[in-house]
Amino acid sequence: MTHNPMTEKFHALLRERGRSVTRARTLLFEYLQQSGAVSMTQFMSDNVAVADRASLYRTAGMFRELGIIEDRIIQGKRLVELSDDYDAHHHHLTCSVCGRTVAITTPEIEDLLADLGRQHGFSVKSHVIEIGGVCDDCSAKA
Ligand SMILES: [Zn+2]
Ligand SMILES: [Zn+2]
């Protein structure tokens, strides 16, 4: 099996925390790298072949506890996604009609927020920015 650097980092964390590196855990991690923000329902149905429901829930719980995934509220829906430690920091554009989510990286926003913080004597550690709108496909149908 070939591993990308994030998978190596994930395996290192599991070992460090005394958890074993299993095929199922690796597959679920790699699934999350592909899926982006995903609902638990989607996560469960996409991974029925990987493990049974109880194991999938347990693994998601362990990932959350170890800071591998985080909950995000996007358009009022609770989704899970890899944390910034395992995925490049990004924000989401979400279509309010079809629910499609696109991950975007915007260094300008990150720099601006850091600057704003500094101007107010803050070292900015976190922020939440979610952008809603209507995608081109849905606009064309309207
Ligand atoms: Zn749409
Ligand atoms: Zn950001």
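Trainee: Which residues does Ala51 touch, not counting those up to four places away in sequence?

Mentor: Two residues are in contact if their C-beta atoms, placed from the backbone, lie within 7 Å. Here, leaving out residues up to four places away in sequence, Ala51 touches Ala24, Leu56 and Thr59. Before we go on: this is a predicted model, where local features need pLDDT of at least 70, side-chain atom pairs count only at pLDDT 80 or more, and totals for chains, interfaces and linings use all residues. Residues are numbered from 1 along each chain as its sequence is written, while chains are lettered from A and ligands numbered from 1 in the order in which they are written.

Trainee: Where is Ala51 found?

Mentor: In the loop between helix H3 (40–46) and helix H4 (53–65). Those labels are DSSP runs numbered from the N terminus: helices are H or I with at least four residues, strands are E with at least two.

Trainee: How many helices and strands does the protein chain come to?

Mentor: Six helices and five strands. Reading from the N terminus, you get α-α-α-α-β-β-β-β-α-β-α. The C-alpha atoms fill a box of roughly 45 × 45 × 25 Å along the principal axes.

Trainee: Why does Ala51 count as partly exposed?

Mentor: You count neighbours: a residue is buried if 20 or more other C-beta atoms lie within 10 Å of its own, exposed if 12 or fewer, and partly exposed in between, with C-beta atoms placed from the backbone. Ala51 has 18 C-beta neighbours inside 10 Å, so it counts as partly exposed. Now try Phe63 in helix H4: its 21 C-beta neighbours inside 10 Å make it buried. Ala12, in helix H1, has 11 other C-beta atoms within 10 Å and is therefore exposed. Across the protein chain, buried residues make up 14% of the 142 residues.

Trainee: Which residues of the largest nonpolar core touch the most other members?

Mentor: A nonpolar core is a set of buried Ala, Val, Leu, Ile, Met, Phe, Trp, Tyr and Cys residues joined through C-beta atoms within 7 Å. The largest one here has 13 residues, and Leu32, Ile68, Ile69 and Leu82 touch the most other members. Helix H2 (23–35) and strand E2 (77–82) each supply at least two residues of this core.

Trainee: What is Ile69 in contact with, leaving aside neighbours within four places in sequence?

Mentor: Its partners are Leu32, Ala60, Phe63, Arg64, Val80, Glu81, Leu82 and Ser83. Phe63 and Leu82 sit 19 residues apart in sequence and 8.9 Å apart in space, C-alpha to C-alpha.

Trainee: At what angle do H1 and H2 pack?

Mentor: H1 and H2 come out at about 135°, with their axes 11 Å apart. That makes H1 oblique to H2: under 35 degrees is roughly parallel, over 145 roughly antiparallel, 65 to 115 roughly perpendicular, and the rest oblique. The contact is made by Met6, Thr7, Phe10 and Leu14 of H1 with Arg25, Thr26, Phe29, Glu30 and Gln33 of H2.

Trainee: How many residues does H1 have, and what span is expected?

Mentor: The expected span of a helix is 1.5 Å times one less than its number of residues. H1 (residues 5–16) has twelve residues and reaches 16 Å between its first and last C-alpha, close to the expected 16 Å. After H1 comes Gly18, with a positive phi near 70°.

Trainee: And H5, is that hardly covered or well covered?

Mentor: Hardly covered: the count of buried residues among its 13 is zero. H5 (residues 107–119) should span 18 Å, and its end C-alpha atoms are 18 Å apart, which agrees. Gly121, with a positive phi near 70°, follows H5.

Key
Axes fitted to C-alpha atoms, helices over the stretch in contact; angles between N-to-C directions.
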